[in-house]
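The plan is to look up a few things and jot down what turns up.

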Amino acid sequence: VWAKVPQGPPDAILGITEAYKADSHPEKINLGVGAYRDDKGKPYVLPSVRSAEKKVVDAALNKEYAGITGVPEFTKAAARLAYGSDSPVIQEDRVAVTQSISGTGALRIGGAFLERFYPGGKTIYIPTPSWANHNAVFKDSGLRVEKYRYYNKDTIGLDFEGMVEDIKNMPKGSIVLLHACAHNPTGVDPTEDQWRSISDAVKEGGHYPFFDMAYQGFASGDTAKDAFALRHFISEGHRPCLAQSFAKNMGLYGERVGAFSIVCESTEEKKRIDSQIKILVRPLYSNPPVHGARIASEILNDSALNQQWLGEVKGMADRIIKMRALLKENLEKLGSKHDWSHITSQIGMFAYTGLTAEQMDKLAKEYSVYATKDGRISVAGITSDNVRRLAEAIYKVKG
Ligand code: PMP
């Protein structure tokens, strides 16, 4: 039956992990994966997550199904975290929210909802470059995917003019995907002033903003600061939709905890949207898993645990910021004449080094440093112990 099914290409990131595993160099470095590591290079389970999980287990809850839209205490708290408790959209009870299979699932529900109901053109514009899965998720949701300019490879920074111009030139009422903070893969974010202009451009075009917020708190260490763009758009009268992930900021990667929400005009509209989200989710997976959502719910709703978690998120963000500074410092100490300021001005898990595919190849083959060919490195994989060797390797391939 399957004689005509062609062999698909391997996943780019998993391929890197395999090459890394096969390498016998004692000081090999893996900067491919987008998961946080502690300063010893080990996966990190947040102590607040351990405590919350213990509370959940000790409560000996039953394993009945959640509703179609998930664990309500979790989804309510997730919306408050994103929009802010004092936001009019929360106060006026006009956010339709559903639990999702982490950020990817949230994007997929969003894509499917827009495909079914968005009254404008079914085209979503994503930045160049964007998280590699955006294209596939939205295409498989039945949307057309187009690009807007975002990254300027000459400055290793934001192509702000290009971005605004492209947004203005999109057909009226287009869907625009925006990374709320810690843009993946570049680590390049607009400034707050630039976000204001982007919001104006989206409004001018009558476009529909779709925020992907996979790193709230993880970027700056401050959950409100990282939500600036989303909250600013709302204060400007936009009614966006939002994909949230708790993979990074709670380290709940494999638990698949996320939420998808749509800001509505009224509670009445919210009820209609809610009913359609349920109709959409039911044949997809019926209802989401409860364990991870219960953990996140404890952290978001218990004030002592919440404080502890905020401290731990800041700890992760600060370690990443420190590794950026150390990498830049080491490159300069080695005598590199390049301007490495982008390493510290970028934010979040990833840094775009500006290294070419050939230089990345050389890093892997000659120095056992593994990362994606686009020059992206996961700063989470840098440690106090390997940063010097990493800087030396980069210096040797790039100068
Ligand atoms: N969006 C972006 C921009 C991401 O970087 C990621 C994680 N790599 C996700 C969404 C979704 O991840 P997850 O499904 O693990 O929450």
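**Before starting.** I'm reminding myself that this is a predicted model.

**Entry 1: the sheet.** I looked up the strand order first. I found an open sheet of seven strands, running S2-S10-S9-S8-S7-S3-S4 with mixed pairing. Which strands stand at the edges? They are S2 (95–101) and S4 (144–149); each has a single partner strand, so one side of each has no neighbour in the sheet. From one strand to the next, I noted an average twist of 25°.

S9 (residues 241–245) and S10 (residues 257–263) run antiparallel and are joined by five bridges. I traced Ala243 across to S10 and landed on Phe260, its bridge partner.

**Entry 2: helices on the sheet.** Helix H7 (residues 160–169) lies across S4 and S7 (175–179), and runs at about 140° to S4.

**Entry 3: around the ligand.** I listed the residues around the ligand; among them are Gly34, Trp131, His179, Asp212 and Ser245. Ser102, Gly103 and Thr104 are also on that list. Which helix gives the largest share of the shell? I got H5 (residues 102–117), with three residues. Sorting the shell by class, I noted three nonpolar residues, eight polar and one charged.

**Entry 4: H3 and H12.** Next I took helix H3 (residues 72–83) and helix H12 (residues 291–301), whose axes are 9 Å apart and at an angle of about 50°. The two helices are therefore oblique to each other, and the crossing is left-handed. From H3, I wrote down Glu73, Phe74, Ala77, Ala78 and Leu81; from H12, Ala293, Ala296, Ser297, Leu300 and Asn301. This contact of H3 with H12 has seven nonpolar residues, two polar and one charged.

**Entry 5: H15 and H16.** My last pair was helix H15 (residues 357–367) and helix H16 (residues 387–398), packed at about 125° with axes 10 Å apart. That angle makes H15 oblique to H16. Is the crossing left-handed or right-handed? I have H15 and H16 down as right-handed. On the H15 side I found Gln359, Lys362, Leu363 and Tyr367, which meet Ala393, Val397 and Lys398 of H16. By class, the contact of H15 with H16 comes to four nonpolar, one polar and two charged residues.

Conventions:
Residues are numbered from 1 along each chain as its sequence is written. This is a predicted model: local features need pLDDT of at least 70, side-chain atom pairs count only at pLDDT 80 or more; totals for chains, interfaces and linings use all residues. Two strands pair if DSSP finds at least two bridges between them. Helices (H or I, at least four residues) and strands (E, at least two) are DSSP runs, numbered from the N terminus. Axes are lines fitted to C-alpha atoms, for helices over the stretch in contact, and angles run from 0 to 180 degrees between N-to-C directions. Two residues are in contact if their C-beta atoms, placed from the backbone, lie within 7 Å. A residue is near a molecule or strand if its C-beta atom, placed from the backbone, lies within 6 Å of it. Ala, Val, Leu, Ile, Met, Phe, Trp, Tyr, Cys and Pro count as nonpolar, Asp, Glu, Lys and Arg as charged, and the others, Gly among them, as polar. Angles under 35 degrees count as roughly parallel, over 145 as roughly antiparallel, 65 to 115 as roughly perpendicular and the rest as oblique. A crossing is left-handed if the near helix is turned anticlockwise from the far one by less than a right angle, and right-handed if clockwise.
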